[in-house]
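Colleague: I'd like to go through the charged side-chain pairs with you. Could you put the structure up?

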Amino acid sequence: MNIAVAQSGGPTCAINASLVGVFKEALKTPAIDAVFGSINGIEGMIKDELIDLKMVIRSNEDMELLRQTPSTVLGSCRYKLPAADEDDEVYRKIQANLEKHRIQAFFYIGGNDSMDTVDKLSVYLRSVGSDIRVIGIPKTIDNDLPITDHTPGFGSAAKYVAATVQEIIRDSSVYSVDSVTIIEIMGRHAGWLTASTCVLRANDEIAPHLIYLPECDLDADKFLEDVRIMQAKHKAVIVAVSEGVRIPEENRTDIVVDNFGHEYLSGIGKTLEQLVKDRIGCKVRSIELNVMQRCSSHICSKTDIDEAELIGSEGVKRALAGESGKMVYFKRLSDVPYVITVETTDASQVANKEKFFPKKWVNHARNDITPEAVRYFLPLIQGEVKIAMKNGMPVHFKLK
Ligand code: F6P
């Protein structure tokens with residue numbers, strides 16, 4: 001039998017490690033012949049744009065390099081399948097291409113939107129009597145997938161964000177004048193990544209002095225009052241704000257959405273910067289960490305990369321055991337020592353759903369994170385990958 005794998009949604013540092021997990025497990029499995037990579041997620045399955053991965057990943061060195069290369073080596077998409085009972089043309093194309101290449105199992109590495117594809121495609125294939133299996137392998141820096149303890153890609157993003165915020169803390173405190181530095185962090189409507197900056201407390205940093213998540217309401221007056229309170233104690237105030245935070249005073253006229261109806265979020269940092277400029281009048285700067293959060297693999301978490309590979313290989317085992325329409329996920333058994341197992345759940349339990357940061361880990365004033373959350377985050381950012389270097393720069397795997 002042959003198998004195929006694709007990557008979908010926003011990139012991460014660990015999504016290629018999951019691809020390596022699928023690939024390596026396939027190499028170890030005598031029943032599997034070819035491993036196809038679908039270009040640009042499900043779009044490649046529709047258009048029959050597949051590559052033979054054995055022709056491009058040719059050695060252990062290639063696999064190691066790919067494991068530590070950020071982004072999606074096969075490209076990505078934000079493609080929403082229509083409901084099959086309304087329009088099955090695209091499903092018929094996918095089925096025809098799967099059958100043409102004798103593909104018996106399809107692995108989709110992605111987030112909550114991609115699990116919609118896993119769910120719909122598996123239901124369709126079953127309904128037409130096909131035994132081709134479809135398995136979802138989670139990823140997202142947003143950490144907003146239900147059921148799983150955390151998502152591959154999140155730990156590396158959290159490690160980069162915390163390390164960068166720490167560097168910003170050092171930079172922002174050099175002058176004698178009062179200042180406010182606002183750091184805008186990704187994560188859509190869930191505050192996990194912004195909240196994870198609290199790990200700096202484990203290394204005796206006090207900042208970020210204020211942490212704002214989309215799960216909690218904020219308005220201009222509350223924000224300015226919080227800043228003034230912090231300014232009484234700290235010359236350089238550091239604010240971490242999630243891209244999903246909205247304040248009623250914002251005037252947003254340029255809303256753009258993707259195929260799943262998700263708004264492109266960004267701009268709250270600039271809005272808060274303007275408020276400080278107008279109403280407090282001190283030195284103020286906003287910094288948008290932007291895509292660096294999901295592609296800065298030079299400081300990735302070894303735990304994250306190893307787990308991403310593990311969950312990819314587990315996905316293959318589950319498909320071989322006959323499962324379909326499932327997503328593999330992490331169950332945490334303990335924080336210290338950190339122990340997880342890999343389980344499966346119906347992809348429909350995850351598709352199009354979001355898991356928000358727990359309110360119990362937010363302080364009463366809704367501007368900080370409680371110490372219990374540090375215990376959750378710390379295991380996910382542990383360990384360093386020995387990054388392959390050339391001419392003083394990290395080396396990335398590239399499709400030839
Ligand atoms: O879902 C991951 C993510 O990076 C979000 O944090 C962010 O809002 C979104 O993707 C950006 O989407 P795009 O890559 O389509 O610009």
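Modeller: Here is a predicted model. Start with a network of salt bridges. The residues it links are K24, E64, R67, K302, D306 and E309.

Colleague: Take K159 and E384. How many residues apart are they?

Modeller: Their side chains meet in a salt bridge, at 2.5 Å from N to O. K159 sits in helix 7, residues 154-172. E384 is in the loop between helix 13 (371-377) and strand 12 (389-390). The pair thus links distant parts of the chain, and the separation is 225 residues.

Colleague: Is K159 buried or exposed?

Modeller: The cut-off for buried is under 20% relative accessible area. K159 has 10% relative accessibility, so K159 counts as buried.

Colleague: Which helix holds both K317 and E314?

Modeller: Their side chains form a salt bridge, 3.3 Å from N to O. The two residues are 3 apart, about one turn of the helix. E314 is buried at 14%, while K317 is partly exposed at 38%. The helix that holds both is helix 12, residues 302-320.

Colleague: What is the N to O distance between E250 and R246?

Modeller: E250 is buried, with a relative accessible area of 15%. R246 is partly exposed at 26%. Their side chains meet in a salt bridge, and the N to O distance is 3.1 Å.

Terms used: Residues are numbered from 1 along each chain as its sequence is written. This is a predicted model: local features need pLDDT of at least 70, side-chain atom pairs count only at pLDDT 80 or more; totals for chains, interfaces and linings use all residues. Side-chain values use heavy atoms; hydrogens and water are left out. A salt bridge is a side-chain nitrogen of Lys or Arg within 4 Å of a carboxyl oxygen of Asp or Glu. Helices (H or I, at least four residues) and strands (E, at least two) are DSSP runs, numbered from the N terminus. Buried means under 20% relative accessible area, exposed over 50%, partly exposed in between (1.4 Å probe, protein chains only).
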